[in-house]
Protein chains: 2
Amino acid sequence: MPRQQQQAARPVRRRSYDQFCANARALDSVGDRWTLLIVRELLGGPRRYTDLHADLPGVSTDVLASRLKDMEHNGLAVRRRLPPPAPASVYELTERGHGLLPVLAALAAWGTHALDERRPTDAVRAHWFALPLLRALDGLTHEGVVEVALNEGDFHVRAGGGGAAAEVYGFGPAERPEVRIALDAALCLELGRGDVTLAEAVGDGRITVSGDGPLAAEIRGE
Amino acid sequence: MPRQQQQAARPVRRRSYDQFCANARALDSVGDRWTLLIVRELLGGPRRYTDLHADLPGVSTDVLASRLKDMEHNGLAVRRRLPPPAPASVYELTERGHGLLPVLAALAAWGTHALDERRPTDAVRAHWFALPLLRALDGLTHEGVVEVALNEGDFHVRAGGGGAAAEVYGFGPAERPEVRIALDAALCLELGRGDVTLAEAVGDGRITVSGDGPLAAEIRGE
DNA sequence: CGGCATCCGTGACGATACTG
DNA sequence: CAGTATCGTCACGGATGCCG
């Protein structure tokens, strides 16, 4: 027999911490390398395999495929086939998977303090700054979609609502944003850290706010 | 040369995600297997190597030693020698390491929903229920130390204060607790999930509250 | 061409044994 | 008690191949 079947429904040998503890159980699901970063990508909305692979520099193809299977198996994500006109499939978070938002928000808040300079080997994507920025927008009372333009690219976030919205951020420009802001990545991080307030950044001209609704006014500090 | 030096100050080859992203940087520090569970242990206060090893069933000695070195190197923990009368050393979290409390709290909240039955292979320690329980005590206005008695053992937590206290929980009985409560682990989890309120649990007799201060009264729902 | 599966070299992990 | 040494195994990362 040159090769027997290589995976009979995931050969039971999943590695578990075997601890009756909420943290350990959580890490059984999301503690593997790359898993939380895949969740970070999917928090921006459904994505195709190839796009995921492109925005996760360093992950190998087989590990990405394996993690996506694990996430499906653990109920974090589902694979959905798009209608025939475009024969592709996307991965998207389940409600359970979306529940990881507070975890990634806390982790981002903690990690922002360690994110000082960009090393030459570091990859960058614009939407990686969505979570730090969302932290700065968390206190806003008005709700709406904010389109964000960085040097690295565009994305959009939903301000207000306390992260309760189904889609908390997305890739590229928004369809009909209430506000557009332009700033640089370093300022995103400072805002996330709380080193600078929105009002100060507006006053210093480090951020440009365009729009005339109440949300825009609130961001300007009016 | 039979054997050259085998670690010249950690041979620089640390595995990094190499992404300019707060989450990726955070996971560079705490994404390795066992690291966050070591933090979970150290959140209860300074601990000796052997005690850590005993409360982390499944970790091998070399991996534990290696993680502790990494954590020291990353500024999460320090090793402190105890005074000569007891020639031992303990590991304790730095302020930076303690800053992971919101991460573990969010992770525990998420993981509690996946923590249904105890599997036969699962290890258990009483203080592993501190974070879920703290979530239930988070809304209390009065502050103080609560001694908790489970079937699995005792620990204590500091209620109120919103987790701002330096030591958020500890092992074994407290020195002079304001309140003592007795309940079982399953109820800890239900409280953490919000399936049951403290007042309901008191009313059902599933939790026993002893003490006569304002905190005890608040826990009783008076 | 998107979505993986296979092969392979290296490093991380887990168990045990051993040492100051 | 507090780790280090050794070793087998498995997971990861990179490249390539396959297949609808």
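A:Asp18 lies in the segment before helix 1 of chain A; helices (H or I, at least four residues) and strands (E, at least two) are DSSP runs, numbered from the N terminus. The model is predicted, so local features need pLDDT of at least 70 and side-chain atom pairs count only at pLDDT 80 or more, while totals for chains, interfaces and linings use all residues. Residues are numbered from 1 along each chain as its sequence is written, and chains are lettered from A and ligands numbered from 1 in the order in which they are written.

The backbone of A:Asp18 has a positive phi of about 55°, although this residue is not a glycine. Most residues other than glycine have a negative phi. A:Asp18 counts as partly exposed because it has 15 C-beta neighbours inside 10 Å. On this scale a residue is buried if 20 or more other C-beta atoms, placed from the backbone, lie within 10 Å of its own, exposed if 12 or fewer, and partly exposed in between. In chain B, B:Trp34 also has a positive phi, near 85°. B:Trp34 sits in the loop between helix 1 (22-30) and helix 2 (35-42) of chain B, and it counts as partly exposed because 18 C-beta neighbours lie inside 10 Å.

Helix 1 of chain A reaches across to the other chain. It packs against helix 6 (residues 101-112) of chain B at an angle of about 80°, with the axes 7 Å apart. Helix 1 of chain A is therefore roughly perpendicular to helix 6 of chain B. Here axes are lines fitted to C-alpha atoms, for helices over the stretch in contact, and angles run from 0 to 180 degrees between N-to-C directions. Angles under 35 degrees count as roughly parallel, over 145 as roughly antiparallel, 65 to 115 as roughly perpendicular and the rest as oblique.

On helix 1 of chain A, the residues involved are A:Ala22, A:Asn23, A:Arg25 and A:Ala26; they meet B:Leu104, B:Leu107, B:Ala108, B:Trp110, B:Gly111 and B:Thr112 in helix 6 of chain B. Two residues are in contact if their C-beta atoms, placed from the backbone, lie within 7 Å. By class, this helix contact has six nonpolar, three polar and one charged residues. Ala, Val, Leu, Ile, Met, Phe, Trp, Tyr, Cys and Pro count as nonpolar, Asp, Glu, Lys and Arg as charged, and the others, Gly among them, as polar.

The whole contact between the chains takes 40 residues from chain A and 40 residues from chain B. On the side of chain A that touches chain B, helix 1 (22-30), helix 2 (35-42), helix 6 (101-112) and helix 7 (130-137) each give two or more residues. Helix 6 of chain A provides the largest share of that side, nine residues. Of the residues on this side, 25 are nonpolar, nine polar and six charged.

Chain A as a whole has ten helices and eight strands. Of its 222 residues, 41% are buried.

DNA strand C is surrounded by 19 residues, and the closest are A:Tyr49, A:Thr50, A:Asp62, A:Ala65 and B:Ser60; a residue is near a molecule or strand if its C-beta atom, placed from the backbone, lies within 6 Å of it. Helix 3 (49-54) and helix 4 (61-73) of chain A, together with helix 4 (61-73) of chain B, each supply at least two residues of the surface near DNA strand C. That surface has five nonpolar, seven polar and seven charged residues. Around DNA strand D there are 19 residues, the closest being A:Ser60, B:Tyr49, B:Thr50, B:Thr61 and B:Ala65. Helix 4 of chain A, with helix 3 (49-54) and helix 4 of chain B, are the elements that give two or more residues to this surface.

Chain B also holds an open sheet of five strands in the order 6-5-4-7-8, with mixed pairing; two strands pair if DSSP finds at least two bridges between them. Strand 6 and strand 8 (208-210) of chain B are the edge strands, each pairing on one side only. Helix 7 (residues 130-137) of chain B packs on the sheet and touches strand 4, strand 5 and strand 6 of chain B. Within the sheet, strand 5 (residues 153-159) of chain B is mostly covered, with five of its seven residues buried. Strand 4 and strand 5 of chain B form a hairpin with two residues between them.
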